Amino acid sequence: MWTQADAGHAAPNESVTRNGTYHLVDPVLGEEELRGIIDLCERVGTYRMASAEMSSTEIGAGLPERFECFYDLARQRGHENDQPYDPTHEDWLDFDRAFTCQFRETYADLGFVEPEESKYPEADPLLYHEAFISGARELLDRPVVVPVAALANLYVAGQWLGPHTDITEYRGISRSTTPQWLLICMHHSRLFDEWRLRIATAVNFFNVCEGGEFRCYPDGATEASVAAPKRANTALLMDTDSFFHEVRPVYRPDGRPAPLVRGQVLQFGEDRMWRVINPDGAVVETYAWEDVRFSVSWKGYCFRDDAERKAWVEHSDDLSMEFILERLTDDLLERGLLRNRNPDNVTMARAIVDAYYHAPPVEYH
Ligand SMILES: [Fe+2]
């Protein structure tokens with residue numbers, strides 16, 4: 001069950017439709033700015049897979065970065081007793097395609113750098129979009145909003161992204177030192193809220209292709225989803241760290257998943273065609289623009305006040321891994337999901353996902 005987000009209720013000159021948990025911005029950019037973003041998308045030209053990101057920690061040893069998604073999907077397929085983290089598992093390729101094979105590139109990632117240091121000025125109208133900044137203030141109830149990133153995502157025919165929540169950030173730990181699944185499950189556990197950075201995300205849709213609908217679950221994983229309107233130059237602003245969301249498969253005539261494997265790149269050519277290319281340079285498939293879905297995620301850090309922002313920048317109230325594991329272990333022991341205080345990594349990771357992470361059911365093609 002899903003419902004369609006609709007801009008029909010907006011006043012004629014109002015480009016933002018407000019809902020308690022998300023805003024629909026339509027249109028996002030003026031004609032010239034929109035052309036600038038599409039030109040930028042083509043000029044950047046090469047997009048790598050999300051699976052290129054890796055952290056290195058003891059607790060993550062032997063597990064994929066998005067273990068929470070893989071394990072949840074494996075559970076949904078009835079594989080609780082198998083080893084879904086095992087790359088030789090028959091479903092592994094499916095998990096990878098559903099969660100880590102998206103093509104992406106960073107158009108802007110400022111952190112706390114000054115505005116004039118934008119990597120691509122064409123992305124500035126998005127990065128400093130007033131509706132995103134004021135909307136983030138309102139939705140997350142945090143007055144200090146710092147725009148930090150514009151991240152491009154491209155999907156080819158037959159590609160999709162399963163239901164998930166985005167990677168949460170905390171004071172003192174980051175995705176370079178902490179597995180992504182752990183950061184995400186920490187948020188779902190609600191045990192570390194006082195250290196969590198509130199992040200607003202505006203998912204911008206910049207072209208229209210067949211399929212590839214964006215769906216989100218603002219009322220929870222077990223409730224109806226909301227689909228973004230299928231119009232170019234619109235955006236949904238929401239807390240994607242908290243609400244599950246997904247991208248349905250981009251239409252592909254044979255109805256099969258795109259033949260994607262880790263390590264490939266997506267490249268735009270002089271003939272204005274997109275190509276998925278293997279590491280050895282071999283072309284896997286070629287796509288016209290209409291077979292490709294292009295979106296850009298805006299991210300803004302949201303703070304209660306300058307003191308909170310300062311604590312983030314100056315690391316004056318950071319979490320430590322020791323504290324995190326102790327708090328999680330205590331909670332899991334209390335819930336009867338752990339038998340002792342020193343489980344191996346896989347047992348600990350499974351207990352964490354079992355306790356806190358339950359995504360909406362995956363709907364297949
Ligand atoms: Fe996401």
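The structure is a predicted model, in which local features need pLDDT of at least 70 and side-chain atom pairs count only at pLDDT 80 or more, while totals for chains, interfaces and linings use all residues. Residues are numbered from 1 along each chain as its sequence is written. The protein has 9 helices and 17 strands, where helices (H or I, at least four residues) and strands (E, at least two) are DSSP runs numbered from the N terminus.

**Overall packing**

- Of the 365 residues in the protein, 42% are buried, a residue being buried if 20 or more other C-beta atoms lie within 10 Å of its own, exposed if 12 or fewer, and partly exposed in between, with C-beta atoms placed from the backbone.
- Among contacts between residues at least 6 apart in sequence, 76% join residues at least 24 apart, and two residues are in contact if their C-beta atoms, placed from the backbone, lie within 7 Å.

**The largest nonpolar core**

- The largest nonpolar core has 95 residues, and those with the most contacts inside it are A136, A150, V156, C185, C216, L236 and L237; such a core is a set of buried Ala, Val, Leu, Ile, Met, Phe, Trp, Tyr and Cys residues joined through C-beta atoms within 7 Å.
- Strand β6 (residues 144-156) gives the most to this core, with 7 residues.
- Leaving aside residues up to four places away in sequence, A150 touches Y107, A108, A123, L126, L127, V296 and W298.

- Strand β3 (residues 23-25) pairs with β12 in the antiparallel sense over 3 bridges, and H23 stands opposite L237; two strands pair if DSSP finds at least two bridges between them.
- Strand β9 (residues 196-205) also runs antiparallel to β12, joined to it by 5 bridges, with V203 having L236 as its bridge partner.

- Helix α8 (residues 321-334) has 14 residues and reaches 20 Å from its first C-alpha to its last, close to the 20 Å expected at 1.5 Å a residue, the expected span being 1.5 Å times one less than the number of residues.
- I324, L328 and L332 are buried in α8. Seen down the axis of α8, its buried residues fall within an arc of 55 degrees, so they line one face of the helix; the arc is that of the directions from the helix axis to the C-beta atoms.
- The face of α8 turned away from its buried side carries the exposed residues E322, E326 and E334, and what covers the buried residues includes α6 (180-189) and α9 (345-356).
- Just after α8, G336 takes a positive phi of about 75 degrees.
- In α9, the buried residues are M348, A349, R350, A351, I352, V353 and Y356, and they pack against α2 (67-76), α6 and α8.
- Helix α3 (residues 92-99) has F95, D96, R97, A98 and F99 as its buried residues, with α2 and β7 (161-164) among the elements that cover them.

**The β15-β16 hairpin**

- Strands β15 (residues 274-277) and β16 (residues 283-287) run antiparallel and are joined by 4 bridges, with E285 of β16 as the bridge partner of V276.
- These strands, β15 and β16, form a hairpin with 5 residues between them, and G281 in the turn has a positive phi of about 95 degrees.
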